[in-house]
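Q: Please take a close look at one pair of packed helices in this model. Keep it short and clear.

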Amino acid sequence: MSIHVEAGPASAESATAGLVPAVAAIGVTKRFAGGVVANDRVSFDARRGEVHALLGENGAGKTTLCNILTGLYHPDEGEIQVDGSPVRLHSPHEAQRSGIFMVHQHLSLVDSLTVAENVVLGWSRHRGLRYTPRQVEAEISEIAARYQMQVDPHARIWQLSLGERQRIDILKALYRDARILILDEPTTVLTPAETEQLFSSVHEMVAAGRSVVFISHKLPEVLAIANRITILRKGRSVTTVDAAGVDVRELARLMVGHDMPAGRVRRAAAGSGTPPADQRGVLELERVCADGDFGIQVLHDVSLSVRPGEILGIAGVAGNGQRELAEVIAGLRAHSRGAIRLDGAELHGGDPRAAINRGVAYVPEDRMGTGVSPSLSVTENLMLKSYRRDAPHAGPVLLMDRADAQSVALMEQFDIRSRGPHALVRQLSGGNVQKVVLARELSSQPRVLVAASPTRGLDVGATEYVHGVLVDSARRGVGIMLISEDLDEIVELSDRIAVLYEGRVVGIVDAAQASYEQLGMMMAGAA
Amino acid sequence: MDQFFTSSILTATVASGIALATPFLLASLGETMGQRSGVINLGVDGIMLLSAFASYYVALRSGNLLLAVLAGAGVGLLMGIATAFISVTLKAEQGISGIGVYLFGLGLSDLLFVKLVGTPLPIASLDSFRIPLLSQIPLLGPMFFQQTVLVYFAFLLVPVVTFVLNRTTYGVQIKAAGENPAAADSLGVSVARIRWSTVLIGGTMAGLAGASLLLYDGIFQQNLTQSEGFIAVALVYFGGWTAWGVMGGSLLYGLVGAVVLAWKSLGIIPLSASDLAATAPAVLTVLALLSVGRRFRQPAVLGKPYERGD
């Protein structure tokens, strides 16, 4: 890495183009209380006109590094350079004055304000107090056109989709003439078409001499968009590679530090676990109907059966009744008609405790909101369902020492990485939170597991792990209903696949014979 | 009833309704600014009381009503400083600290009144200012254009507050601080500074409200406001956090109050029921709040202190 610190302002213009990076982190180390080293001598640099990807699993130190780049944290060692000069960034605002802007996963927009108001919040091109909507709206449209973004400057943020909001956040940075844009997992909230649009905007930005730092754990898209890739692992920058010179396998190996299993375990191919087709379902739904949150019927005559040891995949585009289906089985939502049977005996709706007692385990889609109680410790979260029966107690008093010992065992078994059983769950990474949920649900020896989007937002390693747990559980005879929008995941793990469309089961196919075309047609309501 | 529907009584009633609405309007416009930025100040009534006393005392000693108004505003500003320090800097629970500010104002104004004045003496009242030409219009002139300067000032503030909230960068920052302070913070907007400023404005306006109430009554007494400051807070909800809505609420409240007064003096309401009738504006406001208030969404972080996350 060649850093020309001496390049003064006079020579900068000509010299910067290739030599002096727009932004560089040099030997950045960040330690947190409790001895966690989030960044350990991390270095990388992004040139002008370059898309530089930061690739790493959750917990690899990407977020910490970004928080340092945007002035939220101060590095304990090392420094940040902008255009070759060291800078001390004490706040996001100072970073922005150096031209560094971050587009967050949790977008920083004010819902009730218009697009134009959000854009001028905190900084306006015009001096003085006066804010003239029409003028700002014209400027926004002009920038949007230049970067191939479709934007209605007059809309209020709450009216916009997540993809549109992200566009506004980027536009806000461009309005302030951002020279370095940090995009944090930008495609998580985007549809494939929106991702294409984002990528062409990114191309326009780098063509205009800006730099884009692209954070992701999705290998194909990193390869598609980045010029160079810096891989982070366990807080260290492992290496920086040219995107042109690597493939997905190589990247994956660098990211997780060992070779990944070639192709995921596919249940159908594994053979041994596949249950006989005539076996009775452990969970059976017969013509189940249920209403949604707004009193409108969202499930129509859903009939499904999950056999012991089977993974039944539920495919479908989001919002076609998947969440309600999961909630009905878990007892969180009463069904209006039809019957749900567990081991042949009817399960009455709307009673989560009955469902739990009968052996229904549930991994909810909303991990932090429903799956765990973020402000409680790992031990407490692990006990949340078993405290009535299995938790170690003396009379009404819980024996926390023994509960901690139990949870340490579970943490070992499920590879939950935290500072210990007393760590608060909200301090854990997404993958570890999901492992806490799985550990709790599976430790109760369930008959049935309903897993709703169990790998959403998880990195490759954690996703692999969750998949492994699901396959293992099925092998041990648990009937699993896997609800996911990720069709790859459904196809790779399921024995059979049911497709939901507008609250109806439009078809059930054998995973071994399923084709993407067929499933895609069914999901779109065309079959 | 017929005696009420004469043009002279009706115009006088409307005129006094507008005058009665003025303290509410001043206080609730200021409270609107604070609430839009995310701070709820329940101490308005206490601020009004203390300011009313300051106005009264200055008027009594100096005879100068301009000084009296300034004293009210000044005490309001001081109380605003205290409120901002408690609510913004110390990040206190605003529902509780506001009640503390209220009780402080209630108690201190009474104590000072007893210690410094003792026997209540009336002060000169603020002369009404007849706006040339406009005040000559039949009916409308006596209703609207023969009021005191404080009334004109309060109503002129309505478009001013609207403009500030919607057409200035300061207004955008206020709204952002009340809706998503983290976003504002990340863009270099100091949430604390914005909230300090709106709470100071709110305090000053509550001070002016106290002064205008005092000058309308012409004399101070214990608990002069009779909790009007709390009504002013409610009117902010009623008005959907907009200046025009707040004005509508204040006028409704003032006019109903004026009608009740007129009916009492005309004997339409018997003396025995007069206490009951005095509750009419409050009852009406509650009913109106129930029907209108829900259409509006309150600022997302109203009453929540802002702490920078990790």
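**A helix pair in chain B**

A: H2(B) passes H4(B) in a left-handed crossing (left-handed if the near helix is turned anticlockwise from the far one by less than a right angle, right-handed if clockwise). Helices (H or I, at least four residues) are DSSP runs, numbered from the N terminus. This is a predicted model: local features need pLDDT of at least 70, side-chain atom pairs count only at pLDDT 80 or more, and totals for chains, interfaces and linings use all residues. Residues are numbered from 1 along each chain as its sequence is written, while chains are lettered from A and ligands numbered from 1 in the order in which they are written.

Two packed helices are described by the angle between their axes and the distance between the axes. Here, helix H2 covers residues 44-62 of chain B and helix H4 covers residues 94-117 of chain B. Their axes come within 6 Å and cross at roughly 20°. Axes are lines fitted to C-alpha atoms, for helices over the stretch in contact, and angles run from 0 to 180 degrees between N-to-C directions. H2(B) and H4(B) are therefore roughly parallel to each other (angles under 35 degrees).

Which residues touch? On H2(B), they include B:Leu49, B:Leu50 and B:Phe53. On H4(B), they include B:Leu108, B:Leu112 and B:Phe113. Contact needs C-beta atoms, placed from the backbone, within 7 Å. By class, this contact has 16 nonpolar, three polar and one charged residues. Ala, Val, Leu, Ile, Met, Phe, Trp, Tyr, Cys and Pro count as nonpolar, Asp, Glu, Lys and Arg as charged, and the others, Gly among them, as polar.

Chain B also meets chain A: 17 residues of chain B are in contact with 18 residues of chain A. H7(B) gives the most to that side of chain B, with seven residues.

Notes. Helices (H or I, at least four residues) and strands (E, at least two) are DSSP runs, numbered from the N terminus. Angles under 35 degrees count as roughly parallel, over 145 as roughly antiparallel, 65 to 115 as roughly perpendicular and the rest as oblique. Two residues are in contact if their C-beta atoms, placed from the backbone, lie within 7 Å.
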